[in-house]
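Hi there,

Here is the structure I promised to send over. Have a look at it first, and my notes on what turned up follow below.

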Amino acid sequence: MSTTIMTSDNPLLRESIAMPVPHVAALAVQKAYRKGEHSVPVLHGVDISVRKAEFLSIIGQSGSGKSTLMHLIGLLDTPDVGEVQLEGQRIDDLPVRTRDELRNRVFGFVFQFYHLLPELSLMENVLTPLMIRHSIWNYWTRRREFQDRAKAMIDRVGLGHRLTHKPSELSGGEMQRAAIARALVAQPEILLADEPTGNLDAKTGREIIDLMARLNEREQLTIIMVTHDKSIAAEAHRTVRLCEGRIETLTDAA
Amino acid sequence: MYKMLLCQRYLRTRYIALASIISVTLGVATMIVVNSVMAGFGSEMRARIQGILSDIIVETRSMNGEFDPEGHMQRIRELVGKYISGVTATVEVHAILSYKSLGDYVPHPVNLVAIVPESKAEVGPLIDYLQSYHSQIENGREVPAERSRTEPLGWELTPAAMARRQEKAEYYRQTEKLRHQMRAQREKEEGNSSDPFAETSGEDGAAAESDEAPGQLQKGRLYVGVGLATYLSVDPETKESKTYNMIRPGDDVRITTYSAGTPAPKYFVATVVDTFKTGMSEYDSNLVYCNLEQLQEVRGMIRHNEDGTETRAFTSLQIKLKDYKDAPKVIEILRANFSAENFNVNTWEQRQGPLLAAVDVESSILNILLFLIITVAGFGILAIFFMIVVEKTRDIGILKALGASSSGVMSIFLTYGLLLGMVGAGAGVGVGLLFVYYINQIEKFITFATGREVFPEKIYYFKDIPTHVDPFTVCWVAFGAVMIAVLASVLPARRAAHLRPVQALRYE
């Protein structure tokens with residue numbers, strides 16, 4: 001595993017000299033939220049970069065800014081200072097449309113509360129990213145292909161028997177697996193998982209982590225996972241600890 | 001695609017939103033019903049006015065009229081003969097119609113129109129209005145028409161009316177005879193002092209009517225509007241309305257008018273030949289038709305020429321067009337040829353301008369008010385949409401995280417508004433049209449349920465509620481309602497679109 005990633009004061013310089021271009025990187029990002037009159041700083045200049053096919057976990061206590069960091073990487077939010085790069089290209093200042101497109105094609109999201117759409121069946125939920133990506137006509141003409149793809153993906157997460165169920169009829173583990181299927185059906189390059197096991201019991205959580213680890217291995221999927229559970233984090237190749245908006249320690253797993 | 005899918009799902013699962021469009025539905029239905037009924041009334045009214053007035057009226061400015069109706073009619077035929085299908089000369093004056101009731105004369109101001117029935121029938125559907133040509137409902141029973149529609153218009157009584165008249169005349173003759181005998185006897189007993197009541201009634205009433213042979217008609221003949229001839233009254237105990245005939249065909253009435261030239265009162269006794277019912281209360285209670293020769297004679301509108309012939313006068317010419325679309329052309333030609341100093345040339349619409357304009361204004365104000373109701377419904381949609389957006393904040397965040405654009409999210413809610421509007425307006429159109437279609441049954445039901453007559457014939461003259469559905473109006477109303485629903489969803493949709501995904505997804 002790689003070693004001296006975050007040591008240089010000038011990440012750009014360092015990259016050009018020492019490193020192959022990382023898959024995705026956040027460079028000196030700062031973020032503060034407004035709460036009424038006060039500005040609450042969440043991230044104080046965080047550098048993080050992830051190689052292709054790496055499984056990185058970010059741990060930290062609640063309020064340490066780990067979710068915010070992940071939102072910044074996933075273009076759900078924009079950093080106040082610093083930049084986010086994808087394969088060496090700055091992506092956080094791209095036009096809104098392009099960022100929407102990147103979220104749809106490059107990133108896959110898995111959330112702590114699954115965040116499935118309650119009105120749609122499992123199948124439809126999994127199909128959502130494809131519906132968003134394609135125009136109505138495009139989608140309609142290729143719907144068979146998409147449905148097969150979604151079905152294959154649902155089978156892989158082991159929910160083949162629950163295609164027409166609404167999220168409210170699924171258990172937590174099933175919902176999370178559905179959410180993973182939804183994230184993967186769009187064939188993303190990077191999976192961003194925000195406390196994917198946070199709401200599950202240990203056994204189900206373990207299953208989810210195993211699933212993600214398998215995907216990382218077989219599909220060469222880059223995974224960034226936020227968690228506060230050290231044992232879960234240990235599954236990752238590398239763990240970054242965030243504390244009060246700063247990187248605290250880096251450990252290499254396995 | 002996801003937009004459509006989500007809209008469809010929201011539509012099916014959010015009943016609160018459906019509740020919000022009930023007001024749209026009701027508004028649209030009300031507008032359609034009100035517009036249809038008003039249009040029905042309007043077109044019935046216009047048809048009746050046009051039927052009475054004919055298409056184009058050439059009026060003389062002087063009440064003395066102009067001489068030589070035939071000459072003028074010939075001139076009109078020469079000028080615009082290819083456009084017209086009929087023309088008739090009339091004399092129109094104000095008059096007082098008095099009929100005798102309980103020994104007293106009851107006067108009514110009327111518009112007296114002297115016509116020649118044969119040519120009047122060419123310019124308007126007079127035959128449709130005369131009651132002897134139609135079956136009547138009398139005290140709940142249907143009485144068949146006394147004349148067939150093929151019988152030409154004339155000034156003769158129907159056999160039944162004639163029989164009634166002769167019977168009445170005979171009765172008067174008998175009472176008169178009796179009275180004479182009694183007076184003779186009383187005079188014998190008391191000398192010459194006579195009862196003043198007996199004298200006046202003897203002179204004024206029966207004497208005037210029994211001058212001629214029993215049952216013979218007077219020289220003046222009339223068609224009288226039903227509003228004048230009858231009155232409806234509701235029995236306070238049984239709540240049943242009953243028609244009382246004040247004047248029946250065969251009765252004699254007294255017409256008082258004024259002469260041409262220097263106005264001087266003139267009167268004549270005339271026999272009522274028939275009653276007519278146009279359905280316009282203004283006409284039914286004001287209009288009296290009389291035979292042209294009689295009125296010309298009474299008013300002194302006849303000029304005796306040196307060669308022994310006579311020329312009569314008229315006050316207006318009524319013209320019926322083959323196609324009413326030609327009216328402006330015909331008006332232009334006639335105005336150019338009949339000097340404005342002596343003649344007024346107008347279409348019936350121009351003559352009734354204020355009335356028709358008032359109806360139009362009324363209906364447009366009503367439309368504005370009703371549309372405000374739909375707008376109020378729009379604010380309901382706005383409020384409920386804001387609620388739905390708040391409720392769906394997380395879902396919006398998810399969609400954005402999955403790559404949906406702001407405009408995509410916005411269009412979800414706009415499409416949702418559009419669909420709601422379409423459902424609401426569609427249901428409203430359906431309900432409205434059904435209501436209009438079954439309006440008379442509904443009226444009967446409400447009358448039955450409340451015990452109060454909703455649409456009394458006494459007031460409105462129509463047996464059924466007239467309706468006219470204008471597809472154009474229906475489309476406009478539906479379109480307007482859909483537009484309001486869409487507009488009401490714009491603000492919530494913008495709000496949804498501007499939600500930042502992180503804001504929407506935050507759950508700490």
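**Two helices of chain A**

In helix 4 of chain A, A:Leu122, A:Asn125, A:Val126, A:Thr128, A:Pro129 and A:Leu130 meet A:Ala178, A:Ala181, A:Arg182 and A:Val185 of helix 7 of chain A. Contact here means that two C-beta atoms, placed from the backbone, lie within 7 Å, and helices (H or I, at least four residues) and strands (E, at least two) are DSSP runs numbered from the N terminus. By class, the residues of this contact are seven nonpolar, two polar and one charged; Ala, Val, Leu, Ile, Met, Phe, Trp, Tyr, Cys and Pro count as nonpolar, Asp, Glu, Lys and Arg as charged, and the others, Gly among them, as polar.

Before you read on: this is a predicted model, where local features need pLDDT of at least 70 and side-chain atom pairs count only at pLDDT 80 or more, while totals for chains, interfaces and linings use all residues. Residues are numbered from 1 along each chain as its sequence is written, with chains lettered from A and ligands numbered from 1 in the order in which they are written.

**Where chain B touches chain A**

On the chain B side, 24 residues are in contact with 26 residues of chain A. Helix 1 (2-13), helix 14 (393-401), helix 15 (406-437) and helix 19 (501-505) of chain B each give two or more residues to that side. Helix 1 of chain B gives the most, with seven residues. The side of chain B that touches chain A has 14 nonpolar, five polar and five charged residues.

**Helix 10 of chain B**

B:Leu292, B:Leu295, B:Gln296, B:Val298 and B:Arg299 are the buried residues of helix 10 (residues 292-299) of chain B. They fall within an arc of 165° seen down the axis of helix 10 of chain B, so they line one face of the helix; the arc is that of the directions from the helix axis to the C-beta atoms. Just after this helix, B:Gly300 takes a positive phi of about 70°.

**Two loop residues with positive phi**

Most residues other than glycine have a negative phi. A:Ala53, in the loop between strand 2 (38-50) and strand 3 (55-59) of chain A, has a positive phi near 65°. B:Ser54 also has a positive phi, of about 70°, and lies in the loop between helix 2 (15-53) and strand 1 (56-60) of chain B. Are these two buried or exposed? A:Ala53 counts as partly exposed, with 15 C-beta neighbours inside 10 Å, whereas B:Ser54 is buried, with 23 other C-beta atoms within 10 Å. (Buried means 20 or more other C-beta atoms within 10 Å of the residue's own, exposed 12 or fewer, and partly exposed in between.)

Best wishes
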